[in-house]
Amino acid sequence: MYSLRFKPKNAGASRVRFQWLFAHLTVLALGLSGVSTPAHAQESSAKKAAMGALEMARHFYGKGDYRKAAELFHQAYRFDPLPDFLFNAARAEQRAFMLDEAEGNFNKFLSLLGANALAIHRAQTHLKEIAEARRHMGALTKAKAPLDKAAQDKAAQDKAAQDKA
């Protein structure tokens, strides 16, 4: 009698490989479906919150609202303390002329482990830019002082002239 069913020679080995693959895919699917420990679930929700804050921070940074972006980068860092979040917060603070905060956060970033060499170089470059901005601001303040004095003198003269009239 002829069998209508075709059975290859290595059908048993193929079936075993298929069952092994199916078992591993099932375990993986259960792991990804949220069947996890509470600590893992908390970590996952913290990462999601950090990613949400990161997306909003990028939006505000792109719009030029650097203060709001810095606040959101810090929020992302609180949820998931990645060095990149701190670096981005410091950069946004620098762009918002919040120089003390930016300097502190760049220095904190440099003290963290896990920062790559390029990011370290960039942070050091931004710290030099902050120092240069402070020097320029100091020079402007010195140059502005005589102008402020002249404006005060002029206002006093105008007031005295007005009082006489």
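## Aromatic pairs

Two rings of Phe, Tyr or Trp are taken as a pair if their centres lie within 6.5 Å, and a pair counts as edge-to-face if the planes are over 60 degrees apart. By this rule, the predicted model holds three aromatic pairs. One of them joins Y61 and Y66: the ring centres are 5.1 Å apart and the planes meet at 75°, so this pair is edge-to-face. Y61 is partly exposed, with a relative accessible area of 24%, whereas Y66 is buried at 18%.

F87 and F106 also form an edge-to-face pair, with 5.5 Å from centre to centre and 70° between the planes. Because F87 belongs to helix α4 and F106 to helix α5, the pair ties together parts that are 19 residues apart in sequence. Both F87 and F106 are buried. Ring pairs link F87, F106 and F109 into a cluster.

## Overall architecture

The secondary structure of the chain consists of six helices and zero strands. From the N terminus on, the elements therefore follow the order α-α-α-α-α-α. Of the 165 residues in the chain, 22% are buried.

The chain exposes about 12500 Å², and carbon and sulfur atoms supply 61% of that area. Among contacts between residues at least 6 apart in sequence, 45% join residues at least 24 apart.

## The nonpolar core

The largest nonpolar core has 25 residues, of which F73, F85, F106 and F109 touch the most other members. Helices α2 (38-63), α3, α4, α5 and α6 are the elements that give two or more residues to this core.

For F85, the residues touched, not counting those up to four places away in sequence, are A50, M51, L54, F73, A76, Y77 and D80.

## Helix α5

Helix α5 has 13 residues, which at 1.5 Å a residue should span 18 Å; the end C-alpha atoms of α5 are 18 Å apart, in agreement with that value. The buried residues of α5 are L99, A102, N105, F106 and F109. Seen down the axis of α5, these buried residues fall within an arc of 130°, so they line one face of the helix. On the other side of α5, D100 and S111 are exposed. The cover over the buried residues of α5 includes α3 (66-79), α4 and α6.

N105, located in helix α5, has a relative accessible area of 13% and is therefore buried. Leaving aside neighbours within four places in sequence, N105 is in contact with H74, L86, A90 and E93.

## H126 in helix α6

H126 is part of helix α6, which comprises residues 117-164. With a relative accessible area of 7%, H126 is under the 20% limit and so counts as buried.

Not counting residues up to four places away in sequence, H126 touches F87, R91, Q94 and F106.

## The loop between α4 and α5

F97 is placed in the loop between α4 (83-95) and α5 (99-111). Its relative accessibility is 65%, over the 50% limit, so F97 counts as exposed.

Most residues other than glycine have a negative phi. F97, although not a glycine, has a positive phi of about 60°.

Definitions and conventions
Residues are numbered from 1 along each chain as its sequence is written. This is a predicted model: local features need pLDDT of at least 70, side-chain atom pairs count only at pLDDT 80 or more; totals for chains, interfaces and linings use all residues. Side-chain values use heavy atoms; hydrogens and water are left out. Helices (H or I, at least four residues) and strands (E, at least two) are DSSP runs, numbered from the N terminus. Buried means under 20% relative accessible area, exposed over 50%, partly exposed in between (1.4 Å probe, protein chains only). Contact means heavy atoms within 4.5 Å. The expected span of a helix is 1.5 Å times one less than its number of residues. The arc is that of the directions from the helix axis to the C-beta atoms. Accessible areas come from the Shrake-Rupley method with a 1.4 Å probe; for residues, only the protein chains shown count as cover. A nonpolar core is a set of buried Ala, Val, Leu, Ile, Met, Phe, Trp, Tyr and Cys residues joined through side-chain atoms within 4.5 Å. Rings of Phe, Tyr and Trp (its six-membered ring) pair if their centres lie within 6.5 Å; planes under 30 degrees apart count as stacked, over 60 as edge-to-face and the rest as tilted.
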